[in-house]
Amino acid sequence: MSEFTYRNGMLHAEGVSVVDLAERFGTPLYIYSRTHLIRQYQALAEAMKPIAPQFYFAIKSNSNLAVIETLGAQGAGADVVSGGELFRALRAGISADRIVFAGVGKTVAEIDYALSEQIRFFTVESEEELTRISERAVAAGCVGRIAIRVNPDVDPHTHKYTSTGKAENKFGVDLSRAEKAYEQALQLPGIEVAGLHMHLGSPIMTPAPYAEALEKVRPLCERLKKEVETFRHLDIGGGLGISYRPEQAPLDPRDFASAVLPALHGLGLAVGMEPGRFYTGNAGILVTRVEYVKQNPFKKFVIVDAAMNDLLRPPLYEAHHEIVAVQQTDEQIFGDVVGPVCESADFMAQNRELPAVESGNLLAILSAGAYGFVMASNYNARGRAAEVMVSGDRVEEVRARETWEELVQGERIPTWE
Ligand code: LLP
């Protein structure tokens, strides 16, 4: 169920008119629905209730402090992949003992920071990383809790750039080496073996790959549970798909639970999950104003004030995002929605039936709450968009639009003489 619906022909975010928001905060504008975030959290928690997992919100999907805080207040911890994300999670009030830290390239500084905060565990992606965490923990006189990220070599049937659990991907330690890596971990000083982690990729539209991967890692989990007293966690990653098209059925949490719960049954481990997009994807839209409509000999271009620097998914993954008119219309045109950036890759939709719009009208790009703002850049010296959060009839600006002045802060012109 969407929180972005039409009332009297005008798009609303929960109880608030999108036209009003665009006028008040300007465009391009990210709008998030707090109700949607909470509903998604509760739907998955309800479906998975028999094992009551710890949810670690993958804050890479949307790391606005207000979004993290909303989910944290529901009980979510955080899955972080950098020192910056750890900082954000803590700043948003997530306690360190509910934070797990993944990523193939953790630096010494990041490891030291996470150790000093005593996070729940590191998701370890290589043997060398194990050694590094051990050395840093010994130096700091503390213990680094770890879960090895096992790459189960399962095809999640998603875009090649967002598949992570296949043998050829850079992530994790393949199953055949994992046992050795655990032996190594058990020998190393300053390391506590806390669990096992896997993440297959995203978005995953059926639960089958999870069940397949769990079947593969289960024997190792059982053995470790028996042999290692501190081995208590199984983190099954994130990647749960959402619908990006009206005709596309999202992954139903109840179907997910029916497929995955039997595979976890009787393991006796504390299960963790790391959803990102499932919470945030359809909690957000990107609102943009039409600047020009241009017809060239080949096609029509709707030129808007949002660009690839605001939403990179269409050019990067050829991802589909629905685009609707904020003021409903039945008339359609055919063409592309493009931004002002100087690249032919700067498109939000190509060769599409679009609502008939003209200069000054507003469009909403849907399903933009995940991997939208977080992947924004300052390309073409464009400040990043403002972000607002809506809850019922209430609106809060949760990040101000970036100014040109802010863009040059930190730069200096040297005097060479
Ligand atoms: N856990 C780990 C270890 C991950 O690497 C990821 C995503 C997640 C959890 C959360 O996945 P989610 O539930 O959000 O699908 N930029 C791409 C997606 C990259 C995903 C990277 N890792 C996109 O726009 O589709």
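This is a predicted model: local features need pLDDT of at least 70, side-chain atom pairs count only at pLDDT 80 or more; totals for chains, interfaces and linings use all residues.
At the N-terminal end, α2 is capped by S33, whose side chain places an oxygen 3.5 Å from the backbone nitrogen of T35. The buried residues of this helix are H36, L37, I38, Q40, Y41, L44 and A47.

Further along the chain, two helices pack together. Two packed helices are described by the angle between their axes and the distance between the axes. Here the axes of α8 (residues 208-227) and α9 (residues 253-264) come within 9 Å and cross at roughly 5°. Angles under 35 degrees count as roughly parallel, so α8 and α9 are roughly parallel to each other. On the α8 side, the contact is made by Y210, A211, L214 and R218; α9 contributes F256, A259, V260, P262, A263 and L264.

The last stop is S367, found in the loop between β19 (362-365) and β20 (386-391). Is this serine, with a relative accessibility of 4%, buried or exposed? Buried means under 20% relative accessible area, so S367, at 4%, counts as buried. Its side chain makes a polar contact of 2.6 Å with the side chain of N282. Leaving aside neighbours within four places in sequence, S367 is in contact with S243, Y244, G281, N282, G284 and H321.

Definitions and conventions: Residues are numbered from 1 along each chain as its sequence is written. Side-chain values use heavy atoms; hydrogens and water are left out. Axes are lines fitted to C-alpha atoms, for helices over the stretch in contact, and angles run from 0 to 180 degrees between N-to-C directions. Helices (H or I, at least four residues) and strands (E, at least two) are DSSP runs, numbered from the N terminus. Angles under 35 degrees count as roughly parallel, over 145 as roughly antiparallel, 65 to 115 as roughly perpendicular and the rest as oblique. Contact means heavy atoms within 4.5 Å. Buried means under 20% relative accessible area, exposed over 50%, partly exposed in between (1.4 Å probe, protein chains only). A polar contact is a pair of N or O atoms within 3.5 Å; within protein, one must be able to donate a hydrogen and the other to accept it, and residues adjacent in sequence count only if both atoms are side-chain atoms.
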